[in-house]
Amino acid sequence: MTYDLELFLSDQPAALERVLQTTRYRGFKISQLQMHNSGAGLQLSMQVSGPQPINILTTQLHKLYDLASLNIEQTLPQTA
Amino acid sequence: MTGAQAILKSLIKHGADRVFGYPGGAIMPLYDALLDSPVRHFLCRHEQGAAFAAIGYARATNKVGVCIATSGPGATNLLTSLADAKLDSVPLVVITGQVARTSMGSDAFQEVDVLGLSLSICKHSMQVMEPADLQPVLNRAFAIAKEGRPGPVLVDIPKDIQQGFVPEDVPEQPAEQPLPQAKDTAIHAANHLLEQSQRPVVYIGGGVSMANAVPQLRDFLNRTGLPQVSTLKGLGSAENHHSHYLGMLGMHGLAAANLAVQEADLLLIIGARLDDRVTGKLEEFAPQAKIIHVDIDPAEIHKRRHADVSILGDLQQILPALDCHSQKSSWLERVEKLKQRKAFSYAAHQAGEDIDAPSLLRSLSDLSEEDAIVSCDVGQHQMWVAQHMQFSHPTRHLSSGGLGTMGFGLPAAIGAQVAEPDKQVMAVCGDGSFMMNVQELGTLRRYQMPVKILILDNQRLGMVKQWQELFHDERYSETDLSDNPPFSQLAQAFGIASCEITDAAEVPAALKTMLEHPGPYLLHVRLDHKANVWPIVPPNTANHKMWEQAR
């Protein structure tokens with residue numbers, strides 16, 4: 001399955017690295033990634049896919065201390 | 001106030017008056033300030049040893065352990081211990097020196113990106129880049145290390161920040177994350193499942209101790225009388241003498257514990273994560289059982305197995321709310337029979353016979369003080385300790401569970417002895433594991449701590465050898481350690497009293513001598529290399545298909 005995630009992170013060193021590392025380690029691939037610093041923090045849009053339920057990833061992302069919010073925008077069937 | 005002085009002030013403020021570490025270039029300002037500080041520093045002989053000592057301190061007390069190292073190799077030497085603390089949820093604050101800010105990013109001498117290296121093996125990591133941030137960062141580190149599911153927090157501090165002026169700490173305390181509140185509906189649903197079940201089993205994990213909920217657990221078990229099994233980290237949580245306590249489950253679990261779980265129609269999992277070493281073949285683990293999963297970490301719920309009811313929150317509040325009044329007489333009779341039928345029997349220590357490690361450890365358990373602390377390394381001896389020794393509390397059994405780190409035992413015992421200077425502390429080591437942090441004999445010598453070291457020496461990397469024997473057609477690849485040094489002589493070179501035994505008849509007197517010795521002591525026990533750990537659940541096999549003896 002493919003998922004679109006919207007994350008808001010505090011602008012701390014390694015905040016983005018933590019998200020990328022957690023996503024890889026929990027078995028998800030990133031197919032799209034956009035990030036910009038809004039001044040108040042880092043706005044991250046990420047499309048990921050993986051064989052496991054998305055909560056395997058999101059529950060781990062929620063444990064990151066730099067994460068202020070996380071929304072799953074939509075779920076799409078995986079395309080070839 | 002300099003940054004170094006501020007760090008020490010912060011340690012005192014957070015109750016960390018005993019710390020472990022090893023000095024070096026980028027952390028020298030802090031070590032200089034230590035000379036004028038009430039913080040007591042214990043010099044270990046390797047940064048990995050210092051961090052394991054901090055883990056031993058933390059696990060023996062459920063307080064935050066602290067260790068200190070320099071940049072570069074000092075920091076990289078810590079990494080295995082950080083991963084160990086992460087996987088076993090141990091609260092640590094680890095302070096590393098870093099090269100000065102003006103040199104960062106230039107591949108300076110002893111510069112390494114420890115912040116980047118630590119990301120996947122720490123609960124959180126922070127680098128202090130402004131003097132004003134130093135004390136708030138340390139406050140946050142202590143809060144994060146112990147809140148919720150505990151874990152290690154790394155704080156990397158450039159040398160110039162340690163040397164320079166930092167402002168006084170602001171009085172504002174960081175707000176602790178509130179624990180999730182268990183939902184009444186989940187409690188009711190759990191109690192309903194408990195009432196309805198015919199064959200329930202309580203599966204106890206390390207989270208019980210970390211939540212300081214051992215009294216609440218024991219009260220629940222005494223109120224309900226339900227059958228109980230434990231993970232490696234949960235050992236000591238239930239009362240050993242409880243008639244329905246069945247011991248450890250899993251790959252080297254006790255047969256009665258594994259069989260009861262496989263027959264259960266309900267598992268009440270408390271502070272545990274369904275580790276693969278516990279479940280065996282996951283698809284066939286407790287196949288008829290519904291699951292109630294109680295934990296503080298939402299990420300563990302449904303991770304390995306769907307939970308019919310999940311309860312997130314503080315075990316101190318949840319356990320008193322759980323109950324079960326319905327009678328399970330036939331199930332309890334079945335459990336009692338299993339326990340009786342599958343109980344271990346122990347050999348008398350007869351002259352002329354090889355030393356039997358399980359019998360020796362049972363004797364050690366019987367002879368030692370009730371609240372003795374036992375630390376162990378990783379391998380066959382670790383499993384024998386878990387199977388055959390008894391612990392009055394989970395803080396009395398220190399074992400590297402998740403990471404399975406050889407070399408854990410001796411430095412963790414040192415940390416436990418620092419935490420509990422008046423308690424009996426023992427390190428039960430394998431010959432392979434002992435050599436991985438053997439330098440910490442120097443730490444024992446320096447502080448003359450009365451740690452007792454028991455080396456169970458089968459001249460092999462025993463657990464790997466066992467797998468080669470059972471599952472690799474006896475193809476023994478690089479597991480012969482018969483060229484290890486004579487450990488008794490090695491101890492004496494460090495000024496530590498020692499003894500070597502080879503015959504079973506020597507066991508009782510040797511244990512007594514060791515335990516009565518006033519200072520550090522090493523007992524070298526030679527075992528037959530053919531001895532293996534039983535039961536064993538072969539890989540990708542259901543737990544009820546365990547092998548209980550050699551085939």
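Predicted model: local features only at pLDDT ≥ 70, side-chain atom pairs only at ≥ 80, totals over all residues.
The predictor assigns the complex an ipTM of 0.94 and a pTM of 0.97. For chain B the average pLDDT is 96, and 99% of the residues score at least 70. The secondary structure of chain B consists of 23 helices and 18 strands. The C-alpha trace of chain B extends over about 70 × 60 × 40 Å along its principal axes. A compact globule of 551 residues would have a radius of gyration near 24 Å, and the value for chain B, 24 Å, agrees with this. Of the 551 residues in chain B, 55% are buried. Among the contacts in chain B with a separation of 6 or more, 77% are between residues 24 or more positions apart.

The domain assignment divides chain B into domain 1 (3–163), domain 2 (184–341) and domain 3 (357–536). Six residues from domain 1 of chain B and seven residues from domain 2 of chain B take part in the contact. On the side of domain 1 of chain B that touches domain 2 of chain B, one residue is nonpolar, three are polar and two are charged.

Two annotated spans in chain B come from UniProt. An unreviewed entry lists "domain: Thiamine pyrophosphate enzyme N-terminal TPP-binding" at residues 1–115 of chain B. In the model, residues 1–115 of chain B are 42% helix and 17% strand, and the end C-alpha atoms of this span are 26 Å apart. The feature "domain: Thiamine pyrophosphate enzyme TPP-binding", also from UniProt (unreviewed entry), is placed at residues 377–525 of chain B. Residues 377–525 of chain B are 39% helix and 16% strand, with 15 Å between the end C-alpha atoms.

The contact between the two chains takes 12 residues from chain A and 11 residues from chain B. On the side of chain A that touches chain B, the elements giving two or more residues are helix H1 (15–25) and helix H2 (55–61) of chain A. By class, the residues on this side of chain A are five nonpolar, four polar and three charged.

Helix H12 (residues 255–263) of chain B is largely enclosed by the rest of the structure, because eight of its nine residues are buried. The buried residues of H12(B) are B:Ala255, B:Ala256, B:Ala257, B:Asn258, B:Leu259, B:Ala260, B:Val261 and B:Gln262.

Two residues other than glycine have a positive phi and are described here. B:Leu274 has a phi of about 55° and is not a glycine. B:Leu274 belongs to the loop between E10 and helix H13 (276–279) of chain B. With 21 other C-beta atoms within 10 Å, against a cut-off of 20 or more, B:Leu274 is buried. B:Asp473 likewise has a positive phi, near 55°, and is a residue other than glycine. The loop that holds B:Asp473 runs between helix H21 (462–471) and helix H22 (487–493) of chain B. B:Asp473 has 7 other C-beta atoms within 10 Å and is therefore exposed, the limit for this class being 12 or fewer.

B:Asp297 lies in the loop between strand E11 (290–295) and strand E12 (309–312) of chain B. B:Asp297 counts as partly exposed because there are 18 C-beta neighbours inside 10 Å. A separation of 6.3 Å is found between the C-alpha atoms of B:Asp297 and B:Arg149, which are 148 residues apart along the chain.

The peptide bond that joins B:Trp534 and B:Pro535 is cis, with omega about 0°. B:Pro535 is located in the segment after strand E18 (521–526) of chain B.

Terms used: Residues numbered from 1 in each chain as written. Chains lettered and ligands numbered in written order. Helix = DSSP H or I, 4+ residues; strand = E, 2+ residues; numbered from the N terminus. Rg over C-alpha atoms; globule rule 2.2 N^0.38 Å. UniProt positions renumbered as here; feature names shortened; annotations may be inferred. Nonpolar A, V, L, I, M, F, W, Y, C, P; charged D, E, K, R; others polar. pLDDT = per-residue confidence, 0-100. Domains from an automatic or database assignment.
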